[in-house]
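Biologist: I would like a close look at one part of this model. Take me through the part you would start with, and then through what surrounds it.

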Amino acid sequence: KSRPVNLTIRSGEVVVLTGRTGCGKTTLLNLLSGYDRLDGGEVRLCLYGKTIVFGAKARNVWASPGRLARLGLGRSWQSPPAFPFMTISDVWPIATRFSSSSDTFNKANLLRFLQSCGVSLNKPSATLPFGHRKLFCVCLALLTGSQLVFLDEPLAGLSDDLGNRIAALIKSANEQGRTVLIAEHRETTGLFGPSVRIMPWPDNP
């Protein structure tokens, strides 16, 4: 059952939606990023000075996930994608084609971050441990130079050490201008910085 949603995220914020599994956090991210269609209302995104509006009555060509990515929207997933016959080194140049800006979160820095976490760059990505694939997925969302980033449970399945590392990376990305919306099923107060806005997401009616 759907419910009305009124959500405003200010530029430069980190907003964390918390709620139990199945309450609709991922569905909301899918609607905001163009993967699912709205049955009412609209989404209004401002990416690098361009305002994109889409929804039940205002859907336009800019609402496709690929076009939104090129305009500056990054997205990661609860279950990180696996590329059965491709290594991280193979996938990386493909992802950079979606880059909409250049900043310190460039290819070399993010590759060094992955290596510092023990992630292999030259093994088929499908053979990597879940936590390493999750780190890779978050890094892909940042690699594209996105101004707005949606992260779906980026800490789920990670050890405390890897979770702290990815939280520090997200905090650094925010400090350098990215706006971040995070869906998490557990409390994350303090992990992403002192000015994070926590929004408990209600259970399904």
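Modeller: What follows starts with the sheet and then turns to its surroundings.

This is a predicted model, where local features need pLDDT of at least 70, side-chain atom pairs count only at pLDDT 80 or more, and totals for chains, interfaces and linings use all residues. Residues are numbered from 1 along each chain as its sequence is written, and side-chain values use heavy atoms, with hydrogens and water left out.

Start with the sheet. Five strands make up an open sheet, in the order β4-β5-β6-β1-β7, with parallel pairing. Helices (H or I, at least four residues) and strands (E, at least two) are DSSP runs, numbered from the N terminus. Two strands pair if DSSP finds at least two bridges between them. The edges belong to β4 (73-75) and β7 (197-200). Each has a single partner strand, so one side of each is left without a neighbour in the sheet. From one strand to the next, the twist averages 15°. Angles run from 0 to 180 degrees between N-to-C directions, and axes are lines fitted to C-alpha atoms, for helices over the stretch in contact.

Now take one pair inside that order. Strand β5 covers residues 148-152, and strand β6 covers residues 179-184. They pair in the parallel sense over five bridges. D152 stands opposite A183 in β6. In a regular strand, side chains alternate between the two faces of the sheet.

T179 is buried, at a relative accessible area of 7%. Buried means under 20% relative accessible area, exposed over 50%, and partly exposed in between (1.4 Å probe, protein chains only). Contact means heavy atoms within 4.5 Å. Leaving out residues up to four places away in sequence, T179 touches I9, R10, S11, G12, E13, Q147, L148 and V149. E184 also lies in β6. Its relative accessibility is 0%, so E184 counts as buried. With residues up to four places away in sequence again left out, the contacts of E184 include V16, L17, T18, G19 and K25. They also include E153, P154, L155 and A156.

E153 is in the loop between β5 and α6. Its phi is near 50°, a positive value in a residue other than glycine. E153 is buried, with a relative accessible area of 7%.

Next, the helices. α5 lies across β4 and β5, and runs at about 165° to β5. Helix α5 (residues 130-143) packs with helix α6 (residues 160-175) at an angle of about 5°, their axes 11 Å apart. Angles under 35 degrees count as roughly parallel, over 145 as roughly antiparallel, 65 to 115 as roughly perpendicular and the rest as oblique. α5 and α6 are therefore roughly parallel to each other. On the α5 side, H132, L135, V138, C139 and L142 make the contact. They meet L162, I166, L169 and A173 in α6. By class, this contact has eight nonpolar, one polar and no charged residues. Ala, Val, Leu, Ile, Met, Phe, Trp, Tyr, Cys and Pro count as nonpolar, Asp, Glu, Lys and Arg as charged, and the others, Gly among them, as polar.

Stay with α6 for R165, which is placed in that helix. At 30% relative accessibility, R165 counts as partly exposed. Not counting residues up to four places away in sequence, R165 touches F113, S116 and C117. R165 and C117 are 48 residues apart in sequence, yet 8.1 Å apart in space, C-alpha to C-alpha.

That brings in the cysteines. A disulfide is a pair of cysteine sulfur atoms within 2.5 Å. By this rule there are zero disulfides. C117 is in none, and its nearest cysteine sulfur, that of C139, is 7.5 Å away. C117 is buried, with a relative accessible area of 10%. C137 is in no disulfide either; the nearest cysteine sulfur is that of C139, 9.5 Å away. C137 is buried too, at 5% relative accessible area.

Last, a hairpin. Strand β2 (residues 42-47) pairs with strand β3 (residues 50-55) in the antiparallel sense, over six bridges. V43 has F54 in β3 as its bridge partner. The hairpin has two residues between the strands, and Y48 takes a positive phi near 50° there. Y48 lies in the loop between β2 and β3. At 39% relative accessibility, Y48 counts as partly exposed.
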